Amino acid sequence: MPQLRLLHGRAWATLLGQLRQSPRAVYLRAVHSHSQVSEAVLTSQLKPHQEKSNIIIKTPKGTRDLSPQQMVVREKILDTVVSCFKRHGAKGLDTPAFELKEMLTEKYGEDSGLIYDLKDQGGELLSLRYDLTVPFARYLAMNKLKKMKRYHVGKVWRRESPTIVQGRYREFCQCDFDIAGQFDPMIPDAECLKIICEILSGLQLGDFLIKVNDRRVLDGMFAVCGVPESKFYAICSSIDKLDKISWKDVRHEMVAKKGLAPEVADRIGDYVQCHGGVSLVEEMFQDPRISQNKQALEGLGDLKLLFEYLTLFGVAEKISFDLSLARGLDYYTGVIYEAMLLQTPAQAEEEPLNVGSVAAGGRYDGLVGMFDPKGHNVPCVGLSIGVERIFSIMEHRMKTFGEKIRTTETQVFVATPQKNFLQERLKLIAELWDAGIKAELLYKNNPKLLTQLHYCENMGIPLVVIIGEQELKEGVIKLRSVASREEVAIKRENLVAEIQKRLSES
């Protein structure tokens with residue numbers, strides 16, 4: 001209801017005077033004033049709708065939708081990854097998409113600036129999870145667990161500059177496998193590397209190499225080269241960029257931006273260009289500088305043992321000891337590794353696609369203790385599969401060779417050549433569904449037979465069951481192969497068994 005205003009004093013006198021002179025004029029002024037107010041209200045109500053027409057409909061930067069065709073490829077990758085994790089005895093786990101901000105701070109070093117903080121809603125300060133490792137450590141500490149082998153598939157968020165072509169996004173999926181618990185040295189670590197080899201081989205991505213190093217060897221190298229201990233993490237972060245930028249640029253960053261003495265940077269340069277197999281581990285044992293550092297010797301001892309186990313697993317030829325591998329995250333304490341594709345699948349006409357590492361991980365023995373009130377540690381080692389980067393490679397391959405993808409798994413289509421057979425089609429498809437057969441029909445009362453058959457061909461559905469007046473009278477169903485177009489009459493009671501037999505043979 002409109003508000004009523006009381007008029008006092010001069011206002012009454014003015015209004016009465018105007019009414020005596022020209023009642024009609026007062027009325028028209030009132031109508032005009034009301035129309036102006038109404039127009040203003042209407043404009044304010046319409047404004048948001050008018051502005052909508054100017055909105056550009058798109059996904060946020062660094063994110064994307066996945067089409068049905070893309071989802072088929074993604075699910076194939078995830079099935080390969082998860083089945084491998086399960087084959088190695090891992091249990092599934094899920095954690096919230098966001099964590100208390102304090103749970104994530106001081107865990108990622110220089111990368112902490114990439115964490116997405118959520119707006120304060122008057123309660124807890126929250127951030128989107130940056131990876132699946134820190135939430136896993138929080139879960140272990142919160143539930144006082146000392147041993148667990150788990151896998152986790154979920155989305156994570158990083159506020160970095162995305163390069164979509166190379167599979168780098170702000171929102172992306174990670175597939176993690178971790179072993180928590182106190183075990184004999186290098187056995188779980190070797191299994192993690194074996195898992196990476198199994199997954200990359202299973203996905204048939206082409207030849208690959210897994211670089212391996214140890215944070216203790218790296219820190220020992222920094223120490224003997226003259227890096228101040230306070231700069232270890234900062235210099236480690238610079239070394240981590242060697243797979244993206246040249247040694248010259250990395251050296252410039254360490255000297256000009258991080259204040260490292262040029263001669264110290266040059267000594268580091270002599271080491272980070274070394275890579276090889278177990279023979280390089282033996283060589284480092286004899287190095288006049290490295291051999292003087294206790295921490296580095298511990299790391300080299302574990303790497304030697306690791307190569308023994310990798311040889312027994314039959315994957316040692318896929319592993320390279322590489323002193324340039326740094327893995328910039330602060331929580332790593334021992335062995336670290338990163339898998340690189342040496343090439344995309346070998347086809348002469350296929351252009352190479354550089355996507356960086358496709359899997360990585362390492363040992364983090366101190367992370368759980370950061371969450372435990374008493375600082376009790378649970379040793380952990382794990383790996384993460386780069387699903388988005390692998391997806392980019394497979395998508396690139398399919399576009400290059402024009403591979404066609406089925407977006408559904410429908411096995412049988414229920415069709416009719418005649419009108420008024422919707423009820424029979426519905427009864428028939430219910431029988432198929434109840435028997436666990438993947439089946440479809442067109443949502444029309446009287447579809448044309450040709451339309452139905454074309455749909456099967458376009459969607460790649462292998463079998464069609466056809467019911468009409470003649471079939472109904474004889475108690476049979478026609479079973480048609482879409483590929484060969486051959487039809488046979490099957491007794492209604494034998495239909496499910498015949499379909500299951502054909503599907504098992506295909």
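Q: What volume does the largest cavity have?
A: In this predicted model, local features need pLDDT of at least 70 and side-chain atom pairs count only at pLDDT 80 or more, while totals for chains, interfaces and linings use all residues. Residues are numbered from 1 along each chain as its sequence is written, and side-chain values use heavy atoms, without hydrogens and water. A cavity is a set of points on a 1 Å grid over the protein atoms alone where a 1.4 Å probe fits but cannot get out, and volume is the space filled by probe spheres set on points joined across faces, edges and corners. The largest cavity has a volume of about 30 Å³.

Q: Which helix gives the most to the lining of the largest cavity?
A: Lining residues have an atom within 4 Å of a point; here they are Leu 453, Cys 456, Glu 457, Val 464, Arg 480, Val 482 and Arg 485. Helices are DSSP runs (H or I, at least four residues) numbered from the N terminus. With three residues, the main contributor is helix 16 (residues 449–459).

Q: Which backbone oxygen does the side chain of Ser 291 reach?
A: Ser 291 lies in the loop between helix 11 (278–285) and helix 12 (294–313). A polar contact is a pair of N or O atoms within 3.5 Å; within protein, one must be able to donate a hydrogen and the other to accept it, and residues adjacent in sequence count only if both atoms are side-chain atoms. At 2.5 Å, the side chain of Ser 291 reaches the backbone oxygen of Asp 287.

Q: Which residues does Ser 291 touch, not counting residues up to four places away in sequence?
A: Contact means heavy atoms within 4.5 Å. With residues up to four places away in sequence left out, Ser 291 touches Met 284, Phe 285 and Leu 297.

Key:
On a 1 Å grid over the protein atoms alone, a cavity is a set of points where a 1.4 Å probe fits but cannot get out, and a pocket is an open set with protein on both sides within 12 Å along at least five of seven lines; lining residues have an atom within 4 Å of a point. Helices (H or I, at least four residues) and strands (E, at least two) are DSSP runs, numbered from the N terminus.
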